[in-house]
Amino acid sequence: RLWAVLRTRCDTCLCAGRPRSDCRVRSQQTSVEVGGCVSAPLNLTSCEGGCRSSSSYSAAANAMTYQCECCREDATSRRQVELTCADGSTVLHTYIHVEACRCSRQDCAGATTRAQRRRRR
């Protein structure tokens, strides 16, 4: 199997031979802290899982070409949470809640890599 060793804005690319994706919403109970003020524990969501990627040689370009898909948010909403500060005051904080995730095409870092020629002696 050819493993695509690619770095994109997210690190969720998998081997091209794997199933299409297991991209899904992940929920984790945690607190939000901003400027020394903290919320009660709440469910924060994110996207998690792998998506298809590939790396192949193009004779026409004499370079490697890459195709990547990364697990990203597809639908989000803005929510508010109350934060309590050390002095007892409270402040509202708006955060992004992930509603749905999907595999999305991404530009891979170094979209092409030129093949190095070797001189024969």
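Colleague: What is the relative accessible area of Asp22?

Modeller: This is a predicted model, in which local features need pLDDT of at least 70, side-chain atom pairs count only at pLDDT 80 or more, and totals for chains, interfaces and linings use all residues. Residues are numbered from 1 along each chain as its sequence is written, and side-chain values use heavy atoms, with hydrogens and water left out. Buried means under 20% relative accessible area, exposed means over 50%, and partly exposed lies in between (1.4 Å probe, protein chains only). Asp22 counts as partly exposed, because its relative accessible area is 41%.

Colleague: With which residue does Asp22 form a salt bridge, the closest N and O atoms being 3.9 Å apart?

Modeller: Side chains of opposite charge can pair when their charged atoms come close. A salt bridge requires a side-chain nitrogen of Lys or Arg within 4 Å of a carboxyl oxygen of Asp or Glu. At 3.9 Å between the closest N and O atoms, the partner of Asp22 is Arg24.

Colleague: Which residues are linked with Asp22 and Arg24 in a network of salt bridges?

Modeller: Arg24 is partly exposed, at 41% relative accessibility. The network of salt bridges holds Asp22 and Arg24 together with Arg26 and Glu48.

Colleague: How many salt bridges does a search of the whole structure find?

Modeller: One of them joins the side chains of Arg72 and Glu73, with 3.8 Å from N to O. Arg72 is partly exposed at 31% relative accessibility, and Glu73 is likewise partly exposed at 42%. For the whole structure, the number of salt bridges found is six.

Colleague: How many residues apart in sequence are the parts that Arg102 and Asp74 tie together?

Modeller: The side chains of Arg102 and Asp74 form a salt bridge, at 2.8 Å from N to O. Arg102 belongs to strand β7 (residues 90-106) and Asp74 to strand β6 (residues 63-84), so the pair ties together parts whose separation in sequence is 28 residues. Strands (E, at least two residues) and helices (H or I, at least four) are DSSP runs, numbered from the N terminus, and the name of each strand follows that numbering. The separation asked for is therefore 28 residues.

Colleague: Is the disulfide of Cys23 and Cys71 right-handed or left-handed?

Modeller: A disulfide is a covalent bond between the sulfur atoms of two cysteines, and the cut-off is a pair of cysteine sulfur atoms within 2.5 Å. The sulfur atoms of Cys23 and Cys71 are 2.2 Å apart. The torsion about their S-S bond is about 85°, so the disulfide is right-handed.

Colleague: In which strand does Cys37 lie?

Modeller: Cys37 and Cys85 form a disulfide, with 2.0 Å between their sulfur atoms. The pair links distant parts of the chain, 48 residues apart: Cys85 is in the loop between β6 and β7, and Cys37, at residues 37-39, is in strand β3.

Colleague: What is the torsion about the S-S bond of Cys47 and Cys101?

Modeller: A disulfide joins Cys47 to Cys101, with an S to S distance of 2.1 Å. Cys47 is in strand β4 (residues 42-48) and Cys101 in strand β7, 54 residues apart. This disulfide is left-handed, because the torsion is about -90°.

Colleague: How many disulfides does a search of the whole structure find?

Modeller: Among their members, Cys101 counts as buried at 15% relative accessibility, and Cys71 is buried at 7%. The number of disulfides found in the whole structure is four.
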